Amino acid sequence: MGLVIDKIKGTLLHNHKGLNVIAQKAGQSPGALFVNLGYLYNWYAGTNIKNISNTGWHNLSVADMVGLRLYLDPVGTYNNNTSGGQMKSVGSTYWDAPNIGASNSSKLDFRGSGSRDASGNFSLMNLTCWIWNTEDWGTIEGGIGTLQYNLESFTCLSANITNKNIGAAVRLKRDVPTALPDGSIITNGYTGNDGRLYDTVVINGYEYLGYNLMESKYQDGSDIPEITSNVLWASNTTGARCSYNNDQSLSGTYESKSKSLGEGDSIIFKEGNNIQLSLENNVLTIAETAPSDIAGNAATATKFHTSRNVNSVAFDGSSDITIPESQQTLNLVTAYSVAY
């Protein structure tokens with residue numbers, strides 16, 4: 001037996017044959033994102049032509065960093081200012097004592113994410129946060145901003161550089177200004193290339209990510225390689241990411257509402273919600289959505305006004321259908337929504 005889609009009043013989808021089926025539960029976002037320290041990236045990932053940022057956003061330039069420092073502390077110098085304290089999270093969860101000057105008044109919530117050195121070794125968690133900028137100083141070195149547990153300053157200027165194979169944090173800034181007041185937090189204000197949602201904060205008329213990036217893909221959909229090997233990390237010049245100590249839990253967690261159904265797997269949708277079927281790249285996606293206001297007899301319908309074919313099998317919603325075992329390739333004639 002192939003794929004069975006229960007009738008409109010049912011709640012169960014069961015993949016008997018193990019076809020390429022993805023079921024997505026209802027919700028306002030594709031998943032819940034909790035960023036702990038975020039990923040560490042080498043400089044090449046942050047400046048890759050494929051773009052680590054989504055459309056309308058960019059990795060910080062040195063001018064962005066200097067502008068942020070001067071906005072938070074107009075009279076401070078590049079290595080003697082109060083901007084760092086305004087950017088650091090408070091308390092001792094993400095910074096060792098004394099966490100000098102930490103107030104997080106900017107709401108940027110920078111944490112001591114540590115680093116990975118050019119040989120692949122991890123160190124300095126809860127002691128430093130290094131943040132890449134796009135400054136290019138030749139074959140070996142790139143621009144960086146630094147925060148430390150024992151300093152109130154945010155250190156950044158054009159000549160603040162380090163080895164491009166260092167693992168450091170990435171923050172993004174929106175390209176265009178916003179009319180929202182400073183300090184505004186926009187829930188799910190940024191959508192990553194991999195679909196993860198981030199809160200953003202407004203500073204000096206621009207949105208910034210509210211925590212370190214935890215992005216796994218470039219804008220073109222290709223993966224940012226996760227490299228755990230020290231040897232491979234040290235030799236990479238095209239872009240790579242990792243978690244501190246190669247421990248994903250230190251970077252953060254992501255709970256997807258999508259489930260890939262293997263052979264014999266099932267998923268239960270909430271009765272009264274809608275489901276939508278779509279086919280792309282030979283993968284059938286069945287997405288659940290909460291009910292919306294509807295007109296006519298849709299709320300009480302027991303079958304479709306016009307039946308639809310799934311792999312040449314007619315489906316009008318009045319009864320179950322079975323896609324024959326021999327039909328391994330899914331050919332959905334059209335995408336449609338059904339209420340059950």
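Leaving aside neighbours within four places in sequence, with which residues is Asn48 in contact? In this predicted model, the residues in question are Tyr218 and Thr238. Asn48 is placed in the loop that runs between helix 1 (43-47) and strand 6 (57-59). Its relative accessibility is 15%, and since buried means under 20% relative accessible area, Asn48 counts as buried. The side chain of Asn48 also has a polar atom 2.8 Å from the backbone nitrogen of Lys50.

The chain as a whole contains five helices and 25 strands. Of its 340 residues, 46% count as buried. Among contacts with a separation of 6 or more, 62% are made by residues 24 or more positions apart.

Helix 2 (residues 62-72) contributes Val62, Asp64, Met65, Leu68, Arg69 and Leu72 as its buried residues. Viewed down the axis of helix 2, these buried residues fall within an arc of 160°, and they therefore line one face of the helix. In soluble globular proteins, nonpolar side chains tend to be buried together. The largest nonpolar core of the model comprises 27 residues, of which Met87, Leu108 and Leu147 touch the most other members. At least two residues of this core are supplied by each of helix 2, strand 9 (128-136) and strand 14 (197-203). Helix 2 provides the largest share, three residues. Apart from this core lies another, of 24 residues, which includes Tyr44, Tyr190, Leu213 and Met214.

Strand 10 pairs with strand 9 in the antiparallel sense, over six bridges. Within this pairing, Cys129 has Leu147 of strand 10 as its bridge partner. Four residues separate strand 9 from strand 10 in the hairpin that they form, and Gly138 in the turn has a positive phi of about 105°. Strand 10 also pairs with strand 11 (residues 161-163), again in the antiparallel sense, here over three bridges. The bridge partner of Gly142 in strand 11 is Thr162.

The loop between strand 10 and strand 11 holds Leu157. Leu157 is partly exposed, with a relative accessible area of 27%. Once neighbours within four places in sequence are left aside, Leu157 is in contact with Val62, Val66 and Tyr78. Val66 and Leu157 are 91 residues apart in sequence, while their C-alpha atoms are 6.4 Å apart in space.

Aromatic pairing was examined next. A search of the whole structure finds six aromatic pairs. In one of them, the ring centres of Tyr39 and Tyr41 are 6.2 Å apart and the ring planes stand at 80°, so the pair is edge-to-face. Tyr39 is buried, with a relative accessible area of 3%, and Tyr41 is buried with a value of 0%. A further edge-to-face pair is formed by Trp57 and Tyr190, with 4.8 Å from centre to centre and 65° between the planes. This pair links distant parts of the chain, given that Trp57 lies in strand 6 and Tyr190 in strand 13 (residues 185-191), 133 residues apart. Trp57 is buried, with a relative accessible area of 8%, and Tyr190 counts as buried at 1% relative accessibility. Together with Tyr198 and Tyr211, Trp57 and Tyr190 form one aromatic cluster.

Definitions and conventions:
Residues numbered from 1 in each chain as written. Predicted model: local features only at pLDDT ≥ 70, side-chain atom pairs only at ≥ 80, totals over all residues. Heavy atoms only, no water. Buried < 20%, exposed > 50% of the residue type's maximum accessible area, 1.4 Å probe, protein only. Arc of directions from axis to C-beta. Core = buried A, V, L, I, M, F, W, Y, C linked by side-chain atoms within 4.5 Å. Polar contact = N/O pair within 3.5 Å; in protein donor to acceptor, adjacent residues only side chain to side chain. Contact = heavy atoms within 4.5 Å. Pairing = 2+ DSSP bridges. Phe/Tyr/Trp six-rings, centres within 6.5 Å; stacked < 30°, edge-to-face > 60°.
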